[in-house]
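Notebook open, viewer running. I'm jotting down what I looked up, in the order I looked.

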Amino acid sequence: MKINGVTIEDTFAEAFTMRAARIVITAKDARWAREAGLKLTGFATSVIGCKCEAGIERVLAAEETPDGRPGIAVLLLTMDEESLPQRLIERLGQTVLTCPTTSCFDGLPDVPDRLPVGKALRTFGDGFQASKVIGGRRYWRIPVMEGEFVIEETFGMQTAVGGGNFLLLGNDADTTLAAAESAVAAMEPLPGVILPFPGGVVRSGSKVGGQRYKKMIATTNDAFAPTLRAVTASALPQGVNSVLEIVIDGLDAASVARAMAVGIRAACRRGVQAVTAGNYGGKLGPHHFHLHKILDGAA
Amino acid sequence: MSDWVALTLRSPIERALDLSAVRADAFATLATRELEALPVRYGGDAAVLGDFFAVTGERAARVRVTGDLERAEGLGTGMTGGELVIEGNVGRDVGLELAGGSVDVHGDAGANAGGARPGAARGAVGGELVIRGSAGEEAGTALRRGLVVVMGDAGRGAGRGMIAGTVIVGGQAGPGSGRFLKRGSIVALGAIEPPETFRRACTYRPPHLRVQLRYLKRRYALPLTDSHIDGRYDRYSGDFAELGKGEILHWVGE
């Protein structure tokens, strides 16, 4: 398959089942909502080293939020359901609670699995906190120096998909990065997905384990590292001098597949030779996104 | 089964009519004939609902009552769910000991709306009572949980002895409102005189009110303005004659 002269390899991305929460943060204006969101999603690129993956899903207009103020929606994912509440309590407590003017709401109110995140954070109020039930949902009012911080008592948790991906094989670093930026720009507005890496792009894709350092969980993906073409079993066609990866996490497989298709199409431009995807032979992750199928709209 | 049960008053009521059997949750399982046979008391005498109301619909937890009900008492008593809409004024004890669902009065209400029985330690324990007009004395007395909204004036002693929950008064709150409040909130959008046993804390914009007032505006189409939703409120803590863990939030403008 070719798109705009770019070869789409007949392979698939292998992704994992994760657990996700959607957090809605509102603030006095879009700037403060974004400040809280950036801190909340900081150092959350990969579960390998960050214990969770997170990103800003989208910006919310005032009329979309529970309190009528500008906001953002954040997705935060972990590998298991036990660690999700702990990550939320740590991060919301240190980043959103601390941020001026913010309030914090559950973005998955219809999901039956509930995590008592606000219930745990209420104890920061040292007994001065108070709750209100509004429209059947309980909120905690935590007194702070600025005034009050409001957070919903529980947050929904649902299964999600982490690790959807594709790799851009380009002629040089600049054109490959430009293609990746096009892909990110096309995917960012899509609901239900996040791109957890810096600017949505990964330059240091990894393989499982290590050849030399046996205790490493992940090491450089030498098969796709251009500087190692002559000393390793390279997977790179001739003329490829730079590779960038885009990782997509989403609330469901359909959202990830849609985002991958949109991103790949946007990335197929001059200077990109091929698009491929990362997998582990299909043995580790239950979600397989075959590039040809998703681009044909069949997956 | 129908979407709504409609009760239409046949003729004016001359004496006090106890309608505590009219509760939306109980109507959900009753056929029209069973509804007509529900016991009521008229001036202390036993009667049935069908003596006073034309009943249409059955087996629905959404109930609409129409007519001049100023002498009708106790509608929605102990209701645990469903939706009760009263088209017009209603007498005392509407939403007495309310536990769930919503009671929406499109008019004025008498005394003890959403309140407690005489001598009872607590009144309503849940649900939402919305009075679009004014309320008599002691609306939300001994409220334990839930919400009482009076868009007009509230008489003497609104929220008296509240244990928790919220009473919102759109107009003037009568003397003694909030007295003996243990916990809970009285939100006064109009004039209020906090009892001497309250202490002023600060002026701020309560973030939860943005959620609460927007919810009420959306759910009940109440005439709440952006200046109420985003406005500044004086916070008074009290009642220090009790636990002192309650509050009066008095709107002071944009």
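How many residues does the contact take from chain B and from chain A? I get 12 residues from chain B and 12 residues from chain A, with two residues in contact if their C-beta atoms, placed from the backbone, lie within 7 Å. Helix α3 (residues 207-220) of chain B gives the largest share of the chain B side, 8 residues. Helices (H or I, at least four residues) and strands (E, at least two) are DSSP runs, numbered from the N terminus. By class, I note 6 nonpolar, 3 polar and 3 charged residues on that side of chain B. Ala, Val, Leu, Ile, Met, Phe, Trp, Tyr, Cys and Pro count as nonpolar, Asp, Glu, Lys and Arg as charged, and the others, Gly among them, as polar.

Ground rules for myself: this is a predicted model, where local features need pLDDT of at least 70, side-chain atom pairs count only at pLDDT 80 or more, and totals for chains, interfaces and linings use all residues. Residues are numbered from 1 along each chain as its sequence is written, and chains are lettered from A and ligands numbered from 1 in the order in which they are written.

Next, the domains of chain B. The assignment, automatic or from a database, gives domain 1 (1-60) and domain 2 (74-253). Their C-alpha centres lie 28 Å apart. Where they touch, domain 1 of chain B puts in 8 residues and domain 2 of chain B puts in 12.

Then a sheet in chain B. I found an open one of 4 strands, ordered β4-β3-β2-β7, with mixed pairing; two strands pair if DSSP finds at least two bridges between them. Its edge strands are β4 (45-48) and β7 (72-73) of chain B. Strand β3 (residues 39-42) of chain B runs antiparallel to β4(B), joined by 4 bridges, and B:Tyr42 has B:Asp45 as its bridge partner.

Over to chain A. Beyond four places in sequence, its contacts include A:Leu77, A:Ala160 and A:Asp249.

Last, strand β5 (residues 71-78) of chain A: 8 of its 8 residues are buried. β5(A) pairs antiparallel with β3(A) over 8 bridges, and with strand β4 (residues 53-60) of chain A over 7 bridges. I noted A:Ala73 as the partner of A:Val24 and A:Leu76 as the partner of A:Ala54.

Conventions:
A residue is buried if 20 or more other C-beta atoms lie within 10 Å of its own, exposed if 12 or fewer, and partly exposed in between; C-beta atoms are placed from the backbone.
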